Amino acid sequence: MLLVNTDYITGKELEMLGLVKGSTIQTRNVGRDITQGFKTLVGGELKAYTEMMNDARELATSRMVQEAEALGADAVVNIRFVSSSVMQGAAEVVAYGTAVKFV
């Protein structure tokens with residue numbers, strides 16, 4: 001499965017199959033939340049949250065690809081990611097794009 005954030009693939013004629021998306025809501029445990037809270041006092045990267053968001057993007061992408069495969073797609077074009085806070089320490093990540101078949 002080819003995944004791109006452009007609306008075309010050079011040298012390929014595309015038949016659009018439709019919108020596909022995948023989402024997840026991820027959270028860290030309370031202990032990690034507390035240690036990350038202390039980190040805001042001294043500055044620096046919040047590694048637990050970085051890992052959480054990377055895991056969430058990977059899972060959302062995987063779910064989007066599953067939808068595309070169910071449609072018989074060869075690729076997903078114009079991929080975008082959206083994230084939002086659901087509650088303190090929890091974030092929703094959505095991956096979406098257009099499933100296409102090579103003509």
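Tyrosine 96 lies in strand E4, where strands (E, at least two residues) and helices (H or I, at least four) are DSSP runs numbered from the N terminus. The model is a predicted one, in which local features need pLDDT of at least 70, side-chain atom pairs count only at pLDDT 80 or more, and totals for chains, interfaces and linings use all residues. Residues are numbered from 1 along each chain as its sequence is written, and side-chain values use heavy atoms, with hydrogens and water left out.

With a relative accessible area of 31%, tyrosine 96 is partly exposed; the classes are buried for under 20% relative accessible area, exposed for over 50%, and partly exposed in between (1.4 Å probe, protein chains only). Together with Leu19 and Val82, Tyr96 makes a nonpolar surface patch of about 270 Å². Patches consist of residues with over 30% relative accessible area and no salt bridge, with like charges joined within 9 Å and nonpolar side chains (Val, Leu, Ile, Met, Phe, Trp, Tyr) within 5 Å. A salt bridge here is a side-chain nitrogen of Lys or Arg within 4 Å of a carboxyl oxygen of Asp or Glu. Areas come from the Shrake-Rupley method with a 1.4 Å probe, and for residues only the protein chains shown count as cover.

Four strands form an open sheet in the order E1-E3-E4-E2, with mixed pairing. Its edge strands are E1 and strand E2 (14-27), each of which pairs on one side only; two strands pair if DSSP finds at least two bridges between them. E4 pairs with E2 in the antiparallel sense over 13 bridges, and with strand E3 (residues 75-87) in the antiparallel sense over ten bridges. Alanine 95 in E4 is the bridge partner of glycine 22, and phenylalanine 81 also stands opposite alanine 95. Another E4 residue, alanine 91, is the bridge partner of serine 85.

Strand E3 also holds asparagine 78, whose phi is near 55°, a positive value in a residue other than glycine. Asparagine 78 counts as partly exposed, at 29% relative accessibility.

Valine 103 is found in the segment after strand E4 (90-102) and is exposed, with a relative accessible area of 66%. Although valine 103 and glutamate 13 are 90 residues apart along the chain, their C-alpha atoms are separated by 5.5 Å. Neighbours within four places in sequence aside, valine 103 is in contact (heavy atoms within 4.5 Å) with Glu13, Leu14 and Glu15.

For the protein as a whole, two helices and four strands are present, running β-β-α-α-β-β from the N terminus on. Of its 103 residues, 28% count as buried. Among contacts between residues at least 6 apart in sequence, 74% join residues at least 24 apart. The accessible surface comes to about 6,500 Å², and 53% of that belongs to carbon and sulfur atoms.

Confidence is the last topic. The average pLDDT (the predictor's confidence in each residue, from 0 to 100) is 88 for the protein, and 83% of the residues score at least 70. Where pLDDT is low, the predicted coordinates should not be read in detail.
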